[in-house]
Amino acid sequence: MNKQISIALVAFVALALLVLPAAAATNIISQGDVVFIGEQGLDVSRALGGASQIAWWASGTDPAKDVPSDTMNIGDASSFYVAPADFVGQTGNWYQYPFINGTQTVAFTVKEPSISAKIMDGSTGEDVTGKAIPVGHFGNFRLETNMYSIADRAQFQAADGPVKIKVKSRDGATYSSLYGANNAVHSLVGVTPGGQIWYWVGGASMAAADGWNTAAVDDNENRYYKSGVYTAWAECNLNGMKDNYVAPDGSDYTGKTVTGLATVTIATDSVNIEASEDSVTRGNQFSVTVTGIPSQLYYLWVKGTGSMSGQPTDQPPMISLAQASVYQDQPGGPYTIGSYQYEGGAGKTLKEDVPKAPEDGVKYYAQVETSTSGTRTVGFTTSKDTKDKKYTIRVEKLSGNQYKSDEVDILVEEGEVTVVAEGTQSYYLGEEVKLVGTNSETSYTYLFITGPNLPTNGGQLISPRDPVINGQPATFTVADVQDDFTWDYKWQTANLEIDAGTYTIYALSAPNNRESLSDAQYGTVSVVIKKPFISAQASTGVVAKGDKLVIRGTAEGDPSAGVAIWILGKNKALYSTESVNDDMTFEYEVKGATTQTLYSGQYFVVIQHPMYNDQFDVYPDDSTDPQYVLGTYPQAGSEIFKLAGPGSLQGTDAAEALVTALNQAMIDDTYTKMQFLVEEPKITILPIGEQMVGSKFDISGTTNLMYDDDDLLVEVTSSSFKPTDKSQSGEFSGVSGTVPVVKGTDGVNKWSFPVDASTFKPDEYIVRISGITNEVVETGIFNVVEFSGQPIVAPTPEVTPIATPEVTPEVTPEVIPEETPEPIPTETPTPTQSPGFGALVALSGLVAVAFLVVRRS
């Protein structure tokens, strides 16, 4: 009985030996094998070859010549630890030491472990780490590691695979294996990389039809792997390396013994579409984003628009051209995409569900391919021809025998065009008018003008007498619309060949003329155009030699050429131009150095405005030394009259000839005129009378020197002031000072000097008045007497001021009225013609300036 039991036990043990696998032998290290930092319990006996030490030489040293950089005694060769403290920084070959028989023999090579992982879509060959993988595609894991050499160890077996892959579901479950093709089970543990790059299923090359079957189902057709995010990583704890070799913070060493976490989303077999806007103003763009299975094709179209004509103003939004992964049929066919029969269409195709125009309707539908992350954004455009209404954008895919679809609505609204004219909306011809506005409809704003006797359906803004032509943008003035929907245009009104009046400017979203306004959005603004004019006045009507004369005025219409100033006298002709300021004012100074050289007498001034054509049509042959006056009519450079030399016109004759030239019907220039007198500088002293010691009085008088520009020096001295003997008193009575010239109320400039006679001695006194900047002197005398207690009543002197002649107004000749149309609101013009300067020649004593604004009617 005992013998039978013993035989049975022996048989059982033998059977057990046949069934049980052999113990792992990944710790047996042969001579020249690779070991990794962190491994422990290694049997390195074979590697040592009987040596008791190992030695390491740093890079750049020679084991045959140099002493070791480091040595290590091996205690128990059957349980060796590749300690991080000893081997980090000292990787590479470690030799048997001391050398046996003088031979440098490598015991083993120490390396830092390295491992990383990616999640791949085996069905497409794409990296889907951090992305999505469609249901039904095969997932795979790509390992990149240097630990493939472990498989080269002498007693390594397949079951000893050192790498473990872990996959965690969205609910936290961790898988040790995954279903593959035909529900075959692929283990995630015991993976042995066979090379630096190794695929979990497939090995050296990734399997295309096997791996992680994301569509695997159980017997009840329930999916094992629900849609959602999965997290995966790989690790290697061969011979305790992961436990021993840790990061500085004590955590698992990512990139050494464990990989970083990688995620992948198993996409649902559904599709979603979202629009960038709920509504869009016509003329602007919008987009839709399709979200579905990665790298899948979907049909996209503007649903239910087949009843629209597709003609201008009756078009749906169009899919923008040349977008990545957006495929469209070509006009003229074949209509591969357009032949798709959509769900619920009773056999209708995409092409039948959209308008036929333009270009056979191919811009209203497309096939789009989602990215590897499962999304695709598609742009749409609208224009002035897009009908304002609500549209439905549909995305659809036939999956097996089921349709997967979604829709989104977008409202296209009418845009708006506005226009305003900056300023008062009243302008002089020649001014720049800035037109500004908004246009939310299109990228360009089209402008035209209407007004008296202009084309009925609109004239061109830069050439108002030429009509704009409906549908021809080149005949319109076009302004670009900016990103914020604003636009502006600077309208130059010089040389427009239009008269003063009220005009209407149209701004449109399309190149439509006045009879086609209903087909576009538009705005209008009315502007009043006025004739330019000029007015001026002189700082004084009488100027003393050496004093300046300032001519100030206004020249409306913003003449870029400025104004021309003619000064004409006997044997004298001066010409100059002066620029006009932004506020339409100008100022011209005849300097004192110039008046100093002028002969005393009368001078005539004509100030010329270039008017509509912004050029002087009457001008001198030489602006610095005029000899002839020239004109543009009948041709440029025509001589009008001679201004200097034998046979020339002088003074009033020259002025009359100049005005006559400017009054010609073929000359559009306008002018104003004035005159002034040049006199020798003079000062008068009003009678002072007898004064008492201690009294206070004023010494005053008149002068033709310029007020606010000249000062006078007043000196009062005793007539007995003279050299004295040393024994006599040298007392002096008198006073001196400066006083300004002030403007008089009666056209005569005045001055006044206060005197305090409290320190004066009874005597005769001399008054001397002299100009500081002008060489003019006047003297007078008066007496100072002892104080008597009785006031001295000075006789009232007869004052003869500088004469101011009356100004005889110019006579305007009678004009026979003509029938005229309704007046256009403009500034009241002054008469064009005047009797010239002839009626004023006799007024040689003129003091106050006379000026007349002349405007051409």
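Reader: What do the side chains of Lys303 and Glu407 do?
Author: They meet in a salt bridge, 2.6 Å from N to O. Keep in mind that this is a predicted model.

Reader: Where in the chain do Lys303 and Glu407 sit?
Author: Lys303 is in strand 21 and Glu407 is in strand 27. The two residues are 104 residues apart, so the pair links distant parts of the chain.

Reader: Which residues are linked with Lys303 and Glu407 in a network?
Author: Glu343, Arg394 and Glu396 join them in a network of salt bridges.

Reader: OK, new spot. What about Lys545 and Glu680?
Author: Their side chains form a salt bridge too, at 3.0 Å from N to O. Lys545 lies in the loop between strand 39 and strand 40, and Glu680 in the loop between strand 48 and strand 49, so the pair ties together parts 135 residues apart in sequence.

Reader: And is Lys545 buried or exposed?
Author: Lys545 counts as buried because its relative accessibility is 13%, and the cut-off for buried is under 20%. Glu680 is partly exposed, at 46%.

Reader: What does Glu589 pair with?
Author: Glu589 forms a salt bridge with Lys591, with the closest N and O atoms 3.8 Å apart. Glu589 is partly exposed at 32%, and Lys591 is partly exposed at 49%.

Reader: Last one: how many salt bridges are there in the whole structure?
Author: A search of the whole structure finds 17.

Notes:
Residues numbered from 1 in each chain as written. Predicted model: local features only at pLDDT ≥ 70, side-chain atom pairs only at ≥ 80, totals over all residues. Heavy atoms only, no water. Salt bridge = Lys/Arg side-chain N within 4 Å of Asp/Glu carboxyl O. Helix = DSSP H or I, 4+ residues; strand = E, 2+ residues; numbered from the N terminus. Buried < 20%, exposed > 50% of the residue type's maximum accessible area, 1.4 Å probe, protein only.
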